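Subject: the structure I promised

Hi,

Here is the structure, ready for you to open.

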Amino acid sequence: MNQLETTMCNNCGHVFNIVFKEKSHPNNIKETYIECDRCYFHYTSFVTDSRVRKLQKKKDQLKGAIHIERRLELQDQINARMARLKDNLIRFGRADL
Ligand SMILES: [Zn+2]
């Protein structure tokens, strides 16, 4: 049997299994989140939009050592955009601001 990873809920202190769930938002935005199974507190793990997914695809297609720098560059862009989407979604309830 697989050992599930657990985390402690900051809201109620309950320890629960990490099970990633996905939720769709307007404008092709997808949120991956976990939820406490006792108090249902919602934790956003990460948020992507079509631009992020396109950049990820582009990065995955660049294989080999010759593309290392370009891949790192793309990863920086992806990280920055995902951080902004997540921050917007948590603070304002909308990622695409
Ligand atoms: Zn909880």
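**What turned up**

Let me start with a salt bridge: arginine 81 pairs with aspartate 49, and their closest N and O atoms are 2.6 Å apart. Arginine 81 sits in helix H2 (residues 68–92), while aspartate 49 is in the loop between strand S5 (42–48) and helix H1 (50–61), so the pair ties together parts that are 32 residues apart in sequence. By salt bridge I mean a side-chain nitrogen of Lys or Arg within 4 Å of a carboxyl oxygen of Asp or Glu. Helices (H or I, at least four residues) and strands (E, at least two) are DSSP runs, numbered from the N terminus.

Before going further, some ground rules. This is a predicted model, in which local features need pLDDT of at least 70 and side-chain atom pairs count only at pLDDT 80 or more, while totals for chains, interfaces and linings use all residues. Residues are numbered from 1 along each chain as its sequence is written, and side-chain values use heavy atoms, with hydrogens and water left out.

The cut-offs are under 20% relative accessible area for buried, over 50% for exposed, and partly exposed in between (1.4 Å probe, protein chains only).

**The other salt bridges**

The structure holds five salt bridges. One of them joins the side chains of glutamate 73 and arginine 70, at 2.8 Å from N to O. Both of these residues lie in helix H2, three residues apart, which is about one turn of the helix. Glutamate 73 is partly exposed at 42% relative accessibility, and arginine 70 is partly exposed at 30%.

Another links arginine 94 to aspartate 96, with 3.1 Å between N and O. Here arginine 94 has 39% relative accessibility and counts as partly exposed; aspartate 96 is partly exposed too, at 28%.

As for charge in general, the protein has 18 positive and 12 negative side chains, and the centres of the two sets are 5 Å apart. Lys and Arg count as positive and Asp and Glu as negative, with His and the chain ends not counted. Each charge is placed at NZ of Lys, CZ of Arg, CG of Asp or CD of Glu.

**The overall picture**

The protein has two helices and five strands, in the order β-β-β-β-β-α-α along the sequence. Its radius of gyration is 16 Å, well over the 13 Å that the globule rule gives for 97 residues, so the protein is more spread out than a compact globule. (That radius is taken over C-alpha atoms, and the rule is 2.2 Å times the number of residues to the power 0.38.) The C-alpha trace spans about 45 × 40 × 20 Å along its principal axes.

Of the 97 residues, 24% count as buried. If you take contacts (heavy atoms within 4.5 Å) with a separation of 6 or more, residues 24 or more positions apart account for 33% of them.

- Asparagine 88 is in helix H2 and is buried, with a relative accessible area of 9%. Setting aside neighbours within four places in sequence, asparagine 88 is in contact with Gly93, Arg94, Ala95 and Leu97.
- Asparagine 27 is in the loop between strand S3 (21–25) and strand S4 (29–35). Asparagine 27 has a positive phi of about 60° although it is not a glycine, and counts as exposed at 53% relative accessibility.
- Asparagine 28 lies in the loop between S3 and S4 as well, with a positive phi near 65°. For background, most residues other than glycine have a negative phi.
- Glutamine 3 is in the segment before strand S1 (6–8) and is exposed, at 78% relative accessible area. Glutamine 3 and asparagine 17 are 14 residues apart in sequence, and 9.5 Å separates their C-alpha atoms.
- Glycine 13, in the loop between S1 and strand S2 (15–17), is partly exposed at 36%. From glycine 13 to arginine 53, 40 residues along the chain, the C-alpha distance is 34 Å.

Cheers
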